[in-house]
Amino acid sequence: MRKFILDTDWWTDCDDAVAVRLLCNAHRRKEIELLGIDINACMPYSIASLDVFTRDCGVEVPLGLDHSAVGFAGRPPYQEHLAKVRKPERTNADVPDGIAFYTQLLGQADDASVEILSIGFTQVLAGLLGQPGGRDLVTRKVSHLWIMAGKWDEPRGREYNFYKNELTRRSGAELCAAWPTPITFLGYEVGESVKTGGQLPDGDLLKQVMTDHGSVNGRSSWDPMLALLAVTGDPEQAGYRCVYGYAQVDETDGSNRFREDPNGPHRYVVKLHDDAYYADAVNARLIYSAASASFART
């Protein structure tokens, strides 16, 4: 069974929650094993809300948090609301820092057995490479990095996960230059026009998240499309073609560029179908936990 670690900002947007639901459902169906989730933006209810949400999905996994990422300020209403649906079993103070979290999970894994999904900021992953033995650990344990970041349909694109601030710009540049495994990018242009999560039943916590965000009728699908692509594992089977080469991020302004090379270690995906194809594929995977979650709400 393929094994994944999710790295998410779990911040102010709601497409992260759609992606988490999709991954939890894949875990419960035994399509994948979700080893853990790291949050790379730190707010008061970060871990409490994710703890409640994943348990409501019927999944209990280790959690980590970049405790230093307080510069990503905000108080998204969905986090506070989730934390009060039932008493969380973990809060920010109860989980390890992101780099220690990865070091522990990867250290326990077999060689070349872990795939990482990144649907947020990249400073934890870049920071892991800078730790003593970190690059070697990633090289030995990680087989692939799937990442929602960049805008690849322009010669010089810009996308939030890279350009948000000085830290994200620098870490994005470091990641593209130094990450030692193959990388698949799903860019802003892929998910922006695909709306998902708007067909959820009343009482579903994911619908509450969507409502709190103001997206009860659906939200752009950057993160869930990346999650589904990674779970599928084969871009062609998932409905994409790939462009291979070398990705670069400018550390001064966060813009991204791509130099095509059929032998390059990086690739970005291009849609082969209309938006409804991808929306239907994501939406079909969201209901399983809502109907049969094993953790009772209080």
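Is Cys 57 buried or exposed? Select Cys 57 in this predicted model: at 0% relative accessibility, Cys 57 counts as buried.

A search of the whole structure finds zero disulfides. For Cys 24, the nearest cysteine sulfur is that of Cys 57, 4.4 Å away. For Cys 57, in turn, the nearest cysteine sulfur is that of Cys 24. A disulfide requires sulfur atoms within 2.5 Å, so the 4.4 Å between Cys 24 and Cys 57 leaves Cys 24 in no disulfide.

**Arg 21**

Next, select Arg 21, which lies in helix α1. The residue is buried, with a relative accessible area of 0%. What does a polar atom of the side chain of Arg 21 lie 2.8 Å from? Display Leu 286: its backbone oxygen is the atom at that distance.

**Helix α10**

Select residues 205-213, which form helix α10. The buried residues here are Leu 205, Leu 206, Val 209 and Met 210. They span an arc of only 150 degrees around the axis, so they sit on the same side of α10. In general, an α-helix has 3.6 residues a turn, so residues three or four places apart point the same way.

To see what covers these buried residues, show the surrounding elements. Among them are the helices α1 (15-28), α2 (46-56) and α3 (77-83). The strands β8 (195-196) and β9 (219-220) are also included in the cover.

Now look at the two ends of α10. At the start, a side-chain oxygen of Asp 204 comes to within 2.8 Å of the backbone nitrogen of Leu 206. Just after the helix, Gly 214 adopts a positive phi of about 85 degrees.

**The sheet**

Switch to a cartoon view and colour the strands. Ten strands form an open sheet with mixed pairing, in the order β3-β2-β1-β4-β5-β7-β12-β10-β11-β6. The edges are β3 (63-65) and β6 (157-158); each has a single partner strand, so one side of each is left without a neighbour in the sheet.

β6 pairs with strand β11 (residues 255-260) in the antiparallel sense over two bridges. Arg 158 has Ser 255 of β11 as its bridge partner.

Move on to strand β10 (residues 240-249), which runs antiparallel to β11 and is joined to it by five bridges.

Which way does strand β7 (residues 183-186) run against strand β12 (residues 266-271), parallel or antiparallel? These two strands are parallel, and three bridges join them. Phe 185 has Tyr 268 as its bridge partner in β12.

**Helix α4 across the strands**

For the last stop, select residues 98-108, helix α4. This helix lies across β1 (2-8), β2 (32-39), β3, β4 (114-119) and β5 (142-148). Relative to β2, α4 runs at about 160 degrees.

Methods
Residues are numbered from 1 along each chain as its sequence is written. This is a predicted model: local features need pLDDT of at least 70, side-chain atom pairs count only at pLDDT 80 or more; totals for chains, interfaces and linings use all residues. Side-chain values use heavy atoms; hydrogens and water are left out. Two strands pair if DSSP finds at least two bridges between them. Helices (H or I, at least four residues) and strands (E, at least two) are DSSP runs, numbered from the N terminus. Contact means heavy atoms within 4.5 Å. Axes are lines fitted to C-alpha atoms, for helices over the stretch in contact, and angles run from 0 to 180 degrees between N-to-C directions. Buried means under 20% relative accessible area, exposed over 50%, partly exposed in between (1.4 Å probe, protein chains only). The arc is that of the directions from the helix axis to the C-beta atoms. A polar contact is a pair of N or O atoms within 3.5 Å; within protein, one must be able to donate a hydrogen and the other to accept it, and residues adjacent in sequence count only if both atoms are side-chain atoms.
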